[in-house]
Amino acid sequence: TAIYPFFQAEDGIRDRSPSRGLGDVYKRQEHNCEADLVCAYLFKEGKVKGCISNDMDFLPLGVGVLIRNYNLGDMVDIYNLDTIIEDSGMNYDEFVDFCILCGCDYTCTIPRLGFITAYKSILKYKNIEAIIENLCVREKKYKLPEAFNFISARKLIKDTKVEDYKINNSDFKRNLDNEKVDMEFLLNNTKFSEVQISNRLKVIY
């Protein structure tokens, strides 16, 4: 299934300014914000239909369509957030807490509390606060790390607003003026032949 437009996260601005036609989004380096958050914000604003990344944090960030494993061949894995939430029996808030417990980029995890226990605990207790109260404080099954700042991670995942971003090639039109330079870039940085690249570009555009 092809999904366009799509965005690929890229922290920092690359050296060559002309877009290569893939709709990459770049965060401005002077701001303390990950490109992941920018991509998620664009999805929630309805400006893109999906994101390409191998980082599963995109799902709790609210990206409804995540494309992964895109470098492994002609097939990709597509994750649908609504389907995951429905099949898991969790709501979105519970899913975010579950992902934090399993491990995310924004805080540490609780040692020895694995993903199966995390899932069962979320279904039972509904949020991290209740899990800590019951499993860490009352039953003393797990020791809570001082660095486990789940509140900050939760706020970052759910409430971050990103408005200062730069989009290259937002209309997804192929820039024929840079076609030769783009082709050289792809030939030098991928294992595809010129014929393969040309055929794939025809499908995209």
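Me: Helices (DSSP runs of H or I, at least four residues) and strands (DSSP runs of E, at least two residues) are numbered from the N terminus. In which helix does L187 lie?

Reply: This is a predicted model, in which local features need pLDDT of at least 70 and side-chain atom pairs count only at pLDDT 80 or more, while totals for chains, interfaces and linings use all residues. Residues are numbered from 1 along each chain as its sequence is written, and side-chain values use heavy atoms, with hydrogens and water left out. L187 falls within residues 179-189, which form helix α7.

Me: How far apart in space are L187 and I197, C-alpha to C-alpha?

Reply: Not counting residues up to four places away in sequence, L187 touches F192, S193, E194 and I197, where contact means heavy atoms within 4.5 Å. L187 and I197 are ten residues apart in sequence. From C-alpha to C-alpha, their separation is 8.2 Å.

Me: Is L187 buried, partly exposed or exposed?

Reply: Buried means under 20% relative accessible area, exposed means over 50%, and partly exposed is in between, with a 1.4 Å probe and protein chains only. The relative accessible area of L187 is 33%, so L187 counts as partly exposed.

Me: How many helices and strands does the protein have?

Reply: Along the sequence the pattern is β-β-α-β-β-β-α-α-α-α-α-β-α-α. The secondary structure comes to eight helices and six strands.

Me: Which residue of β5 is the bridge partner of I67?

Reply: Two strands pair if DSSP finds at least two bridges between them. Strand β4 (residues 65-68) pairs with strand β5 (residues 77-80) in the antiparallel sense over four bridges. Strand β3 (residues 51-52) runs parallel to β4 and is joined to it by two bridges, with I52 bridged to I67. In β5, the partner of I67 is I78.

Me: Which residues of β4 are buried on its two sides?

Reply: In a regular strand the side chains alternate between the two faces of the sheet. Both faces of β4 are covered. The buried residues are V65 and I67 on one side, and on the other L66 and R68.

Me: Which residues is G62 in contact with, leaving aside its neighbours within four places in sequence?

Reply: G62 is placed in the loop between β3 and β4, and its 12% relative accessibility makes it buried. Its C-alpha atom is 9.1 Å from that of V96, which is 34 residues away along the chain. Beyond neighbours within four places in sequence, the contacts of G62 are F43, K44, L81 and Y92.

Me: Which residues touch the most other members of the largest nonpolar core?

Reply: A nonpolar core is a set of buried Ala, Val, Leu, Ile, Met, Phe, Trp, Tyr and Cys residues joined through side-chain atoms within 4.5 Å. The largest core has 41 residues, and those that touch the most other members are F95, I100, L101 and F148.

Me: Why are α3 and α5 called oblique to each other, and at what angle do they pack?

Reply: Axes are lines fitted to C-alpha atoms, for helices over the stretch in contact, and angles run from 0 to 180 degrees between N-to-C directions. Angles under 35 degrees count as roughly parallel, over 145 as roughly antiparallel, 65 to 115 as roughly perpendicular and the rest as oblique, so α3 and α5 are oblique to each other. With their axes 10 Å apart, they pack at an angle of about 55°. The contact is made by D97, I100 and L101 of α3 with I128, E129 and I131 of α5, at that angle of about 55°.

Me: What kind of pair do the rings of F98 and Y119 make?

Reply: Rings of Phe, Tyr and Trp (its six-membered ring) pair if their centres lie within 6.5 Å; planes under 30 degrees apart count as stacked, over 60 as edge-to-face and the rest as tilted. By this rule there are two aromatic pairs. The rings of F98 and Y119 have centres 5.9 Å apart and planes at 70°, so this pair is edge-to-face.

Me: What is the phi of R112?

Reply: Most residues other than glycine have a negative phi, and most peptide bonds are trans. R112 is in the loop between α3 and α4 and is exposed, with a relative accessible area of 67%. R112 is not a glycine, yet its phi is positive, near 75°.
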